[in-house]
Amino acid sequence: SSAVAEPAAPGALEVLHRVFGYDSFRGPQQDIVEHVVGGGDALVLMPTGGGKSLCYQVPSLVRDGVGIVVSPLIALMQDQVDALTELGVRAGFLNSTQDAGQRRAVEAAFLNGELDLLYLAPERLRVESTLSLLDKGDISLFAIDEAHCVAQWGHDFRPDYLALSMLHERWPDVPRIALTATATEATRGEIATRLDLTRARHFVASFDRPNIQYRIVGKSDPKRQLLNLLRTEHPGDAGIVYCLSRSSVEKTADFLSQNGIPAVPYHAGLDAETRAAHQSRFLREDGLVVVATIAFGMGIDKPDVRFVAHLDLPKSVEGYYQETGRAGRDGLPSTAWLAYGLQDVVQQRKMINNSEGDDAHRRRLGAHLDSMLALCETVECRRVQLLAYFGQDGEPCGNCDTCLNPPESWDGTIAAQKLLSTVYRLLHERRQKFGAGHVVDILLGKRNDKVQQFRHDELTVFGVGADLKEAEWRGVVRQLLAQGLLAVEGDYGTLVLTEASGAVLSREREVRLRREPEKAAKEPKQAK
Ligand code: ADP
Ligand code: ZN
C-alpha cells in the first residue's frame, strides 16, 4: 500500500452519467458492461435500437487502453466518430475511404495513447501491418459489431469475419464482446464457434417490440395500397419503404412524390453524394419517406420512424425483423406493413434456383424463405411467431393483423388435389410445363387464346375449379408453394410437383389453407 492513493478508475455508472449524459443503464447493459470491464468475453444479442454501442463504449473508457471496434459499416464510421468526439471521447477509424496521410495520423494517435476507441473495417485485420500496429499499442477490448456476419447460415455473411477468430489467439488476454441484433439460436451457436467465443457469457435481450403493429396484407396494387396506408394512417409521418429492385425503388418514389408525399429514392445504383444527401435529409427533416433497397438503414438511428413498409417479400425473417425494427425506436406506436402475393413466392424461388453457389447455399436460402413464408401465412399472432423464431416466448399481442382480424383456415385438400393433378396431367399427358396464371385459367375453365392454342380445354381437369374465384386459386398456388407442396422451376417460373405433392394426390395428406380476404387490399380494423 502506498502513501499516495492511485486515482480510482472511473466507475461504469460515472462514465455513463458524465460522458454520455444518461441516468441509468437499460435492460442488460449494466450486466454486460460489468462483465466486460471485469475482463470477461461476451456474446450480446440485442435488437436494433436496444443500445448495443454503450456495451462496448463504456468498458472501453473504464478499462485502460484503446477499445478496438470491428464493424462492416464503413459508411457510418465517420458519423460514429463525430458523435463520440462531440461527447469528448477520443475516437478514430481506419478504413478504405481514407488516404495514406489520414491513416498515418490515426495510427500515430493510437500509438501515442491518444485514443479511447478505434473503429476498424474487418478487412483491415487481414493486413499484417494493422496487426503489428495493434501489437505496439495498448488494447482494452475487442468489440465485434454485427457479429452475425461471421455466420454462413445467416443472411449477411462476410468472409472477412472468419479471420476474426485470430484475435483471441493473438491477444488471449484482451476481452472480446461480439454484438448482433439478428441471430437465431443456430446462428448464435455458429457465431460462438467461429469467433472462438464458446466460453463467453451470453446476454440475450428481449426481441419483443410491443409498439410495432405487424401487418401482412395480400398484394394487389402495391403502390396504391401503400399510398392508401400513408394517407389514412400516416399522413406527414417519416417512414421507410423497402423494394427489391432499384427500378421499383425509383418508380415508387416518383409515384409517392406525384401523389403529394415527399419521398426520395435510396439504392446502390445512386452515386455516393446523392445517397448521403437523401440519408441526411431523412435524418433531419420531418415526414420524409425514403424508398430504398435493403442497402438503406443499417445503423440509421432515427427515433421517430413511424412506419416501415415492404412492397416485396424479404428474403428471411431476420432481415424482416431488422428492417421493421427501424420503426418506432422512440417507443411510440408504429406500423410494420408488408404486401405479399403469389408473384413474390415465384420470384424468390426463381432467384434461389438461379443463385450462385453450391446446393447447400441454395438450401439455406430456401430455408430462410420458408420461415418468412410461414410468417406470412400464419393464422397465429405475428408477434408470437416472430419471437418464437428468435427462440423467445410471447403471448398473443392483440395488436397485429392476425390478432385483430383472426384469419379463417379451411380444408384445402380437394382444391390442392385439383391443382396438383392439373400440373401432373400437363406434364405426363402433354409433356408441358406452365406458370401459375395459365394453370389457374385451366382450372377456372377459361377458353382464352392460350388455352385453345394448346387445346387445354380438352383436359379432364378443364373447369374443375370453377367453385373458387381466381384470387382464391392464386392463394392456393401461393400457399402450396409456401408449404413446399408445389415448386417453381426455370426462368419462367413454371410449376412442377415436389416429393411432398404425391401424398396430397394420393389423399394421404390433408392441406389446411388460410382463407383469402374478400378484397386483397382490405386492411384490418385499427387497434384502439
Ligand atoms: P443499437 O446499436 O443496439 O441499434 P444504439 O447503441 O445505437 O443501439 O442505441 C440506440 C439509441 O438508444 C441511441 O440513441 C442511444 O443513445 C440510446 N441509448 C442507449 N442506451 C441508453 C441508455 N442507457 N439510456 C438512454 N439512452 C440510451
Ligand atoms: Zn398479435
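This is a predicted model: local features need pLDDT of at least 70, side-chain atom pairs count only at pLDDT 80 or more; totals for chains, interfaces and linings use all residues.
Strand β6 pairs with two other strands that are described here. Strand β1 (residues 42-45) runs parallel to β6, and four bridges join the pair. Within this pairing, Val44 stands opposite Leu179 of β6. Strand β5 is also parallel to β6, with three bridges between them. Here Phe142 has Arg176 of β6 as its bridge partner.

## Strand β8 and its partner

Strand β8 (residues 212-218) is mostly covered as well, since seven of its seven residues are buried. Strand β13 (residues 334-340) runs parallel to β8, and seven bridges join the two. Tyr214 stands opposite Ala336 in β13.

## The chain as a whole

The chain contains 21 helices and 17 strands. Its radius of gyration is 26 Å, close to the 24 Å that the globule rule gives for 528 residues, so the chain is as compact as a globular protein of that length. Along the principal axes, the C-alpha atoms fill a box of roughly 100 × 45 × 45 Å.

Of the 528 residues, 44% count as buried.

## Nonpolar cores

The largest nonpolar core has 85 residues. The residues with the most contacts inside this core are Val241, Val290, Val291, Ala416, Leu419, Val439 and Val477. When residues up to four places away in sequence are not counted, Val477 touches Leu342, Leu419, Ala436, Val440 and Leu486. Apart from this core lies another, of 60 residues, among them Val62, Cys149, Ala151 and Leu197.

Which residues are closest to ligand 1? Ligand 1 is surrounded by 13 residues, and the closest are Tyr22, Arg26, Gly51, Lys52 and Ser53. By type, the shell divides into four nonpolar, six polar and three charged residues.

Helix α3 (residues 52-62) gives the most to this shell, with three residues. Of the 11 residues of α3, 10 are buried, so the helix is largely enclosed by the rest of the structure. The buried residues of α3 include Lys52, Leu54, Cys55 and Tyr56.

## Two residues with positive phi

Most residues other than glycine have a negative phi. Two residues of this chain that depart from that pattern are described here. Glu146 has a positive phi of about 50°, although it is not a glycine. Glu146 is found in the loop between β5 (139-144) and α7 (166-170). Arg455 likewise is not a glycine, and its phi is positive, near 50°. Arg455 has its place in the loop between α19 (449-453) and α20 (470-482).

Are these residues buried or exposed? Glu146 counts as buried because it has 22 C-beta neighbours inside 10 Å, where the cut-off for a buried residue is 20 or more. Arg455 counts as exposed because it has 10 such neighbours inside 10 Å, where the cut-off for an exposed residue is 12 or fewer.

His168 is placed in helix α7. With 16 C-beta neighbours inside 10 Å, His168 counts as partly exposed.

Ser248 lies in helix α10 (residues 246-258). Ser248 counts as buried because 21 C-beta neighbours lie inside 10 Å. Leaving aside neighbours within four places in sequence, Ser248 is in contact with Cys243 and Leu311. Ser248 and Asp312 are 64 residues apart in sequence, and from C-alpha to C-alpha they are 9.7 Å apart in space.

How values were computed
Residues are numbered from 1 along each chain as its sequence is written. Chains are lettered from A and ligands numbered from 1 in the order in which they are written. Two strands pair if DSSP finds at least two bridges between them. The radius of gyration is taken over C-alpha atoms; the globule rule is 2.2 Å times the number of residues to the power 0.38. A nonpolar core is a set of buried Ala, Val, Leu, Ile, Met, Phe, Trp, Tyr and Cys residues joined through C-beta atoms within 7 Å. Two residues are in contact if their C-beta atoms, placed from the backbone, lie within 7 Å. A residue is near a molecule or strand if its C-beta atom, placed from the backbone, lies within 6 Å of it. Ala, Val, Leu, Ile, Met, Phe, Trp, Tyr, Cys and Pro count as nonpolar, Asp, Glu, Lys and Arg as charged, and the others, Gly among them, as polar.
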